[in-house]
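Welcome! Please take a moment to look over the sequence and the 3D structure below, and then we can walk through some charged pairs and nonpolar cores together.

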Amino acid sequence: MSLINAIGNTPLVKLQRIWDSDKTGVRMLAKLEGSNPGGSVKDRPAYYMLKTAIASGELTSDKVILEPTSGNTGIGMAMMATAMGYRIKLIMPACVSEERRAILLALGAELELTPGCDKTDGAIRRAHSIMEKYADQYYMPNQFENPANWKAHYETTAPEVIRDTNGEVDAFVAGMGTTGTLMGVSRYFREHKHKIRVVGVEPTLDHRIQGLKNMQESIVPSIYEPGLLDCKITCNDDDAFETFRDLALREGLFCGLSSGAALWGAIEVAKDLPRGSTVVVIFADRGERYLSTEIFRSVCALCPP
Ligand SMILES: Cc1ncc(COP(=O)(O)O)c(C=O)c1O
């Protein structure tokens with residue numbers, strides 16, 4: 001199997017404890033995207049964006065790939081760039097976890113850090129300013145504006161969900177970052193006439209959940225079309241962190257913080273569904289990627305002895 005073929009086909013796991021699928025009669029299925037070779041959901045769009053750019057001739061072997069990222073896309077892209085023989089430079093806010101930086105360096109990426117207080121938007125602005133000056137030297141996939149981001153989910157994530165549930169899904173829930181996951185999946189469900197509620201989980205203003213965006217305080221990704229969501233749920237940091245901790249302690253699933261937010265939203269959705277329904281929720285990455293973060297330590301300090 002090639003590295004490319006190892007992307008996707010992630011497991012769908014039934015939750016039993018935080019949400020008791022059997023007792024409530026509403027199945028909660030979590031799609032474990034941390035099982036991708038680069039460790040997150042972002043392997044899918046990273047590969048799609050690069051293969052599309054190579055096919056269109058925008059990415060040639062003399063160009064360096066340049067991308068602003070809070071981490072996971074960078075890791076997926078660095079993995080694919082190295083495997084496909086390209087050089088890559090990533091612009092990231094200084095607040096991203098040490099593990100992410102170390103993984104990127106291990107994969108051979110060049111890193112440039114922007115001030116942590118400017119979050120991902122600072123990295124986006126810096127990447128655009130490099131492109132303005134040196135467009136001939138770089139190719140910027142730009143996950144926030146690139147249709148290949150959502151197409152990856154249209155062509156892989158959504159059909160996998162339908163295949164693995166025999167189409168028996170009533171709601172699909174995911175955190176909102178670039179919104180590529182939600183936009184691609186929603187388009188697929190609508191075009192293939194699946195009546196599935198697509199729900200985005202958005203963090204509150206000034207949140208600390210890496211990978212997610214509050215649209216009011218961020219540069220809104222141009223791929224985001226609000227009309228493709230049936231509903232948006234707001235999750236605060238405390239609820240996300242508590243659910244993240246419960247996931248590890250009660251379900252044995254050590255996922256990232258955004259998975260805590262996504263599950264909190266999915267439970268809100270599940271509470272209103274009749275018995276016999278099914279909810280699919282995306283767990284975007286794994287917990288290992290956050291071990292050094294202050295947030296992880298403070299959340300973990302809450303764990304019972
Ligand atoms: C940890 C994590 N969760 C959720 C998301 C959101 O995914 P999307 O960009 O498809 O909205 C991301 C995106 O980078 C992420 O890194």
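Let's begin with one side chain: R44 is buried, its relative accessible area being 2%. Keep in mind as you read that this is a predicted model.

**R44 and its partner**

- The side chain of R44 meets that of E33 in a salt bridge, at 2.8 Å from N to O.
- R44 belongs to helix α2 (residues 43–56), whereas E33 sits in the loop between β2 and α2, and the two are 11 residues apart.
- E33 counts as buried too, because its relative accessibility is 0% and the cut-off for buried is under 20%.

**Other salt bridges**

- How many salt bridges does the structure hold? There are 18.
- One of them pairs R100 with D285, whose closest N and O atoms are 3.8 Å apart.
- Since R100 is in helix α4 (residues 98–106) and D285 is in the loop between β10 and α10, this pair ties together parts that are 185 residues apart in sequence.
- Both partners are buried: R100 has a relative accessible area of 1%, and D285 has a relative accessibility of 1%.
- K232 forms a salt bridge with E202, and here the closest N and O atoms are 3.1 Å apart.

**The nonpolar cores**

- In soluble globular proteins, nonpolar side chains tend to be buried together.
- The largest nonpolar core here has 35 residues, and the members that touch the most others are M28, V173, L263, V279, V281 and F283.
- Several helices and strands each supply at least two residues of this core, including β2 (27–32), β7 (171–175), α8 (237–251) and β10 (278–283).
- Which element gives the most to this core? That is α9, with 8 residues.
- Leaving aside residues up to four places away in sequence, V279 touches V26, R27, M28, L29, A171, V173, A266, A270 and L273.
- There is also a second, separate core of 25 residues, with A46, L50, I88 and L90 among them.

Methods:
Residues are numbered from 1 along each chain as its sequence is written. This is a predicted model: local features need pLDDT of at least 70, side-chain atom pairs count only at pLDDT 80 or more; totals for chains, interfaces and linings use all residues. Side-chain values use heavy atoms; hydrogens and water are left out. A nonpolar core is a set of buried Ala, Val, Leu, Ile, Met, Phe, Trp, Tyr and Cys residues joined through side-chain atoms within 4.5 Å. Buried means under 20% relative accessible area, exposed over 50%, partly exposed in between (1.4 Å probe, protein chains only). Helices (H or I, at least four residues) and strands (E, at least two) are DSSP runs, numbered from the N terminus. Contact means heavy atoms within 4.5 Å. A salt bridge is a side-chain nitrogen of Lys or Arg within 4 Å of a carboxyl oxygen of Asp or Glu.
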